Amino acid sequence: MEDAHIVSNSYSETLTLASKFSKLLKRGDIVCLFGDLGAGKTAFVKGIARGLKIRTDAVHSPTFTLMNIYEARIPLYHFDLYRISSCDLFDLGYEEFFYGKGVSAVEWSEKLGTLLPREHWKVEMKHLGSDKRDIRIGYHGAGAGKRTKKLDTLS
Ligand SMILES: Nc1ncnc2c1ncn2[C@@H]1O[C@H](COP(=O)(O)OP(=O)(O)OP(=O)(O)O)[C@@H](O)[C@H]1O
Ligand SMILES: [Mg+2]
């Protein structure tokens, strides 16, 4: 299976897609989100949270804290790197989370630069006008063959 390529027609379709996608996630997985302002990255993270049985009203971009932790059977670590410098990322001890017992979701993964993890899910979101969004989901790293097998269940 190559990358999954989906067109979402609404905010709620994005939530549903991300919630389905969350079923493919395991502890220690890192979801790197790429996309412009308002592309729907936070919406996608809310969908992941819903799939992990986390209350979605708790989910908002951690603009001032850099990271939010949502506790659940599999905890979700929500990063937003829009305003971050790589020093801040080290101060945060990001590795403890990335390689910890939960799932990490990272908005503005462009900012990771050389810290982009070798193994990660890549979610790319683009505006297609009004409420339409182009969403591509793939896996980068040695585990790709195994991990992408069920991606076709998303489209
Ligand atoms: N198909 C769609 N999927 C997701 N969001 C949509 C969609 N259509 C419209 N929207 C709207 O677009 C906005 C997406 O906002 P969101 O905060 O998720 O974007 P973001 O990529 O996290 O932005 P930022 O870069 O500011 O963090 C919301 O207002 C949402 O209602
Ligand atoms: Mg956001």
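This is a predicted model: local features need pLDDT of at least 70, side-chain atom pairs count only at pLDDT 80 or more; totals for chains, interfaces and linings use all residues.
How many bridges join strand 4 to strand 5, and in which sense do they run? I found 5 bridges to strand 5 (residues 103–107), and the two run parallel. Pairing here takes at least two DSSP bridges between two strands; helices (H or I, at least four residues) and strands (E, at least two) are DSSP runs, numbered from the N terminus.

Residues are numbered from 1 along each chain as its sequence is written, and side-chain values use heavy atoms, with hydrogens and water left out.

**Strand 4**

I looked up the partners first. Tyr77 stands opposite Ser104 in strand 5. With strand 3 (residues 67–70) the sense is antiparallel, over 4 bridges, and Met67 faces Phe79 across that pair. A hairpin of 5 residues links strand 3 to strand 4.

Then burial (under 20% relative accessible area, 1.4 Å probe, protein chains only). Side chains in a regular strand alternate between the two faces of the sheet. Here Leu76, His78 and Asp80 are buried on one side, Tyr77 and Phe79 on the other. That is 5 of the 5 residues in 76–80, so strand 4 is largely enclosed by the rest of the structure.

**Helix 2**

I checked residues 41–51 next: 9 of the 11 are buried, so helix 2 is largely enclosed too. Among them are Lys41, Phe44, Lys46 and Ile48. Their cover, by contact (heavy atoms within 4.5 Å), includes helix 1 (11–22), strand 4 and strand 5. Just past helix 2, I noted that Lys53 has a positive phi of about 65°.

Key: Chains are lettered from A and ligands numbered from 1 in the order in which they are written. Buried means under 20% relative accessible area, exposed over 50%, partly exposed in between (1.4 Å probe, protein chains only).
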